[in-house]
Structures are given as C-alpha cells and as structure tokens.
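Subject: the model, and what turned up in it

Hi,

Here is the structure I promised to pass on.

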Amino acid sequence: MLPGDQVARRMANGEIEVAPLAFMRGRTLAHAFVILDEAQNTTPAQMKMFLTRMGQGARMVITGDLSQIDLPSGVASGLREAVETLEGLPGIGITRFESADVVRHPLVARIVDAYDQRVAAARDYSRGRPRREYNGTSK
C-alpha cells in the first residue's frame with residue numbers, strides 16, 4: 001500500500017516492524033496497528049500470548065483460514081479456539097469470508113466450494129448419513 005522506498009525508510013526507523021510471533025512475549029504493543037497473518041497455525045497458547053500484548057491505543061487484525069491448518073495432528077488451532085472463545089465479546093469483530101469473496105482466478109472459488117462440499121460429505125458420513133459423492137454439480 002506504500003511505495004517501496006517509504007516501506008524501507010519506515011522499517012529502517014522502526015515505524016514498521018516485521019517480527020516472528022516468538023518475539024512478542026514480554027512486549028506491550030501500544031499505539032500500534034498489528035497484523036497477525038496465517039493465525040490458523042498458532043497454538044492456543046501462542047494466540048492468547050499475542051492477544052494479551054495489546055496496549056493502549058492499539059488495534060489488532062488477525063487473519064487465517066481454518067481450512068488450511070498446518071499444525072501437527074492433535075495440536076489445536078489457536079485461531080479456532082480464539083474465534084470460539086471470543087465471538088460475541090464486546091469490542092471484538094469477526095468477519096468470515098466465503099468463496100464468493102475470492103479475488104484470485106474465478107476457478108479458485110469453485111475449488112473452495114468443492115473442498116467445502118467434500119468436508120460436508122465426510123461430516124455427514126461420520127454421523128451415519130449416506131455419503132453423497134461430489135460430481136461437480138450442485139444438488
């Protein structure tokens with residue numbers, strides 16, 4: 001959103017900082033706009049640690065896709081837990097995007113829909129309902 005030279009200058013003077021999540025412990029992020037990207041891959045402890053760094057005048061934006069969790073099997077997603085725990089809390093807003101919001105190639109929205117249908121079919125199967133195979137058409 002900024003010209004490259006401005007980004008470089010602002011990073012050099014510390015106005016913009018890119019830091020690994022591990023560097024957040026012990027910090028208070030006051031009067032800052034903080035973005036945590038790919039948050040689906042945080043653990044619950046990491047997410048809580050991050051959220052509790054917020055200081056006066058700070059705003060936080062957390063992004064992530066719960067369908068793309070890359071954590072080891074059995075490790076809970078901090079983003080999933082945060083959404084389940086904090087949704088409805090005053091001062092917190094949650095926005096969910098759907099395939100219609102995809103701004104990549106138009107085929108990507110159809111791919112997302114196909115995967116969503118596959119997950120729904122597997123969920124139905126595990127609940128004892130007959131499994132319907134996805135054939136690329138809506139039913």
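Does I35 count as buried or exposed? At 54% relative accessibility, I35 counts as exposed, where exposed means over 50% relative accessible area, buried under 20%, and partly exposed in between (1.4 Å probe, protein chains only).

Before the rest, some housekeeping. This is a predicted model, so local features need pLDDT of at least 70 and side-chain atom pairs count only at pLDDT 80 or more, while totals for chains, interfaces and linings use all residues. Residues are numbered from 1 along each chain as its sequence is written, and side-chain values use heavy atoms, with hydrogens and water left out.

Back to I35, which is found in strand β1. Together with F33 and V61, I35 makes a nonpolar surface patch of about 300 Å². Patches here are made of residues with over 30% relative accessible area and no salt bridge, joining like charges within 9 Å and nonpolar side chains (Val, Leu, Ile, Met, Phe, Trp, Tyr) within 5 Å. The areas come from the Shrake-Rupley method with a 1.4 Å probe, and for residues only the protein chains shown count as cover.

On the overall picture, the chain has four helices and two strands, running α-β-α-β-α-α from the N terminus on. Helices (H or I, at least four residues) and strands (E, at least two) are DSSP runs, numbered from the N terminus. The radius of gyration is 19 Å, whereas a compact globule of 139 residues would have one near 14 Å; that is taken over C-alpha atoms, and the globule rule is 2.2 Å times the number of residues to the power 0.38. The C-alpha trace spans about 60 × 35 × 30 Å along its principal axes. Buried residues make up 19% of the 139.

One of the buried residues is Q40, with a relative accessible area of 1%. Q40 sits in the loop between β1 (33-36) and α2 (44-51). Its side chain makes a polar contact of 2.7 Å with the side chain of E38, and the side chain of Q40 also reaches the backbone nitrogen of D65 at 3.2 Å. (A polar contact is a pair of N or O atoms within 3.5 Å; within protein, one must be able to donate a hydrogen and the other to accept it, and residues adjacent in sequence count only if both atoms are side-chain atoms.) Leaving out residues up to four places away in sequence, Q40 touches several residues, including T63, G64, L66 and L79, contact meaning heavy atoms within 4.5 Å.

A76 is partly exposed at 42% relative accessibility and lies in the loop between β2 (59-62) and α3 (78-86). Beyond its neighbours within four places in sequence, A76 is in contact with T42, T43, P44 and L71.

Now the charges. How many salt bridges does a search of the whole structure find? The search finds three, a salt bridge being a side-chain nitrogen of Lys or Arg within 4 Å of a carboxyl oxygen of Asp or Glu.

- E15 pairs with R10, the closest N and O atoms being 3.7 Å apart; E15 is exposed at 52% and R10 partly exposed at 23%.
- R27 meets E17 at 3.1 Å, N to O. R27 and E17 both lie in the loop between α1 (4-12) and β1, so the pair ties together parts that are ten residues apart in sequence.
- E87 meets R96 at 2.8 Å, N to O; E87 is partly exposed at 45%, while R96 is exposed at 52%.

Cheers
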